[in-house]
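I opened my notebook to record what I looked up here.

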Amino acid sequence: MNVSPVTPTRRASPRFGRSGVRTGLAVSATTVLLVLAAAAPALADDDGSEAGGGLSVLETLLWFVGVPGALFVLIVLLVSAPSMARGPRYRPGLGWWAAPVWFNGPDNADTAVRRATATTGGGGASARW
């Protein structure tokens with residue numbers, strides 16, 4: 001009789017976790033930006049021998065202060081949004097506001113607690129049951 005060895009079954013796990021997806025998106029975005037930046041001189045209409053019109057003070061502030069500031073705010077919102085969506089966390093020293101949860105307990109928790117605390121004739125630390 002030929003018996004094959006039993007191999008334990010493994011649960012299928014996702015190929016990429018959250019961090020893998022985020023890393024992939026960051027690498028993809030960086031690659032696209034680098035390709036576009038490298039192709040930008042090839043897409044220029046002229047050879048650059050003639051100087052264009054200058055920027056006003058307002059345009060300069062918009063491009064060099066406003067756009068980077070808007071990008072900064074966008075990145076902060078993208079990073080902070082998941083934790084804001086989850087809601088408040090428990091902080092040490094504060095009162096607990098969440099409803100109690102009894103894992104793997106009986107169906108009627110109130111009755112079970114009343115029966116467990118209604119001892120007759122001793123018990124507890126004295127070991128007299």
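I started with Leu 78, which lies in helix H2, residues 57-86. Helices here are DSSP runs of H or I with at least four residues, strands are runs of E with at least two, and numbering starts at the N terminus. The model is predicted: local features need pLDDT of at least 70, side-chain atom pairs count only at pLDDT 80 or more, and totals for chains, interfaces and linings use all residues. Residues are numbered from 1 along each chain as its sequence is written, and side-chain values use heavy atoms, with hydrogens and water left out.

Is Leu 78 buried or exposed? Leu 78 counts as exposed because its relative accessibility is 59%. Buried means under 20% relative accessible area, exposed over 50%, and partly exposed in between (1.4 Å probe, protein chains only).

Next I checked the length of H2. Its 30 residues should span 44 Å at 1.5 Å a residue, and the end C-alpha atoms are 43 Å apart, which agrees. The expected span is 1.5 Å times one less than the number of residues.

I then looked for a bend. H2 bends by about 40° at Ser 80, and Pro 82 follows within four residues. The bend is the angle between axes fitted to the seven residues ending there and the seven starting there. After H2 comes Gly 87, with a positive phi near 100°.

Last, the whole chain. I found three helices and zero strands. Buried residues make up 1% of the 129 residues. The average pLDDT (the predictor's confidence in each residue, from 0 to 100) is 76, and 69% of the residues score at least 70.
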